[in-house]
Amino acid sequence: MRRIATALPEVTERPAYGMTAWRVRDRLFARDRPPNRTDLAALGDRAPDGPVLAVRVPDPGAKEALPADDPARCFTTPHPDGGPVVLVRLLDVRSTS
């Protein structure tokens, strides 16, 4: 993820919430986000085994559409439900490229 993110124009890397994060013009657009206890409890058997990336999306429609279109890779949990964020299973993305 680091190689892809830092190749984009104006992207800088700076930690957020103690995790690696990427920003454009000091606005966070993606960060590492391993599942926390609340996520694991909410997801149960659907909890991801590998790394997870939190990605800011433009609006609630995109937040609903991405997990609906590809639930194997994109998902949400109760924690980021208040904001325009989708969680992405990185191993699933990497395995298809």
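**Entry 1: the start of α3**

Which residue caps the N-terminal end of α3? I looked it up and found D59, with a side-chain oxygen 2.9 Å from the backbone nitrogen of G61. A reminder to myself before I go on: this is a predicted model.

**Entry 2: the faces of α3**

Next I went through helix α3, residues 60–69, for burial, and noted A62, K63 and P67 as buried. Looking down the axis of α3, I see its buried residues within an arc of 120°, so they line one face of the helix. On the face turned away from that buried side I found the exposed residues E64, A68 and D69.

What do the buried residues of α3 pack against? They pack against β5 and β6. I also checked the orientation: α3 lies across β5 and β6 and runs at about 25° to β6.

Is V57 buried or exposed? Its relative accessible area is 8%, under the 20% cut-off, so V57 counts as buried.

I then listed the contacts of V57, leaving out residues up to four places away in sequence. V57 touches A62, K63 and L66, and also P84, V85 and V86. Two of these names, A62 and K63, were already on my list of buried residues in α3. For another distance I took A42, which is 15 residues from V57 along the chain; their C-alpha atoms are separated by 22 Å.

**Entry 3: the sheet**

In what order do the strands of the open sheet stand? I read β1-β2-β3-β4-β6-β5, six strands with antiparallel pairing. β1 (11–13) and β5 are at the edges with a single partner strand each, so one side of each has no neighbour in the sheet.

β1 meets strand β2, residues 21–24, over three bridges in the antiparallel sense, and V11 has V24 in β2 as its bridge partner.

Then I turned to β6. Strand β4, residues 52–56, is joined to β6 by five bridges, antiparallel, and V55 stands opposite V86 of β6. Strand β5, residues 74–75, is joined to β6 by two bridges, also antiparallel. Here F75 has L87 of β6 as its bridge partner.

**Entry 4: how enclosed is β6?**

How many of the five residues of β6 are buried? I counted five of the five in residues 85–89, so the strand is largely enclosed by the rest of the structure. V85, L87 and R89 point one way, V86 and V88 point the other way, and all of them are buried. I was glad to find R89 in that list, as a reminder to read the names as well as the count.

I kept a general point in mind here: in soluble globular proteins, nonpolar side chains tend to be buried together. The largest nonpolar core in this model has seven residues: L43, A47, V52, A54, F75, V85 and L87. β4 and β6 each supply at least two residues of this core. Another core lies apart from it, with six residues, among them A5, V11, A30 and L53.

**Entry 5: loops with something to note**

E10 has a positive phi of about 65° and lies in the loop between α1 (2–6) and β1. At 47% relative accessibility, E10 counts as partly exposed.

R25 has a positive phi of about 50° and is found in the loop between β2 and β3 (27–32). Its relative accessibility is 64%, and R25 counts as exposed.

The last stop was R33, in the loop between β3 and α2 (37–43). Is this arginine, R33, buried or exposed? At 6% relative accessibility, R33 counts as buried. I looked for a polar contact of its side chain and found the side chain of D39, 2.5 Å from that of R33.

Key: Residues numbered from 1 in each chain as written. Predicted model: local features only at pLDDT ≥ 70, side-chain atom pairs only at ≥ 80, totals over all residues. Heavy atoms only, no water. Buried < 20%, exposed > 50% of the residue type's maximum accessible area, 1.4 Å probe, protein only. Helix = DSSP H or I, 4+ residues; strand = E, 2+ residues; numbered from the N terminus. Pairing = 2+ DSSP bridges. Core = buried A, V, L, I, M, F, W, Y, C linked by side-chain atoms within 4.5 Å. Arc of directions from axis to C-beta. Contact = heavy atoms within 4.5 Å. Polar contact = N/O pair within 3.5 Å; in protein donor to acceptor, adjacent residues only side chain to side chain. Axes fitted to C-alpha atoms, helices over the stretch in contact; angles between N-to-C directions.
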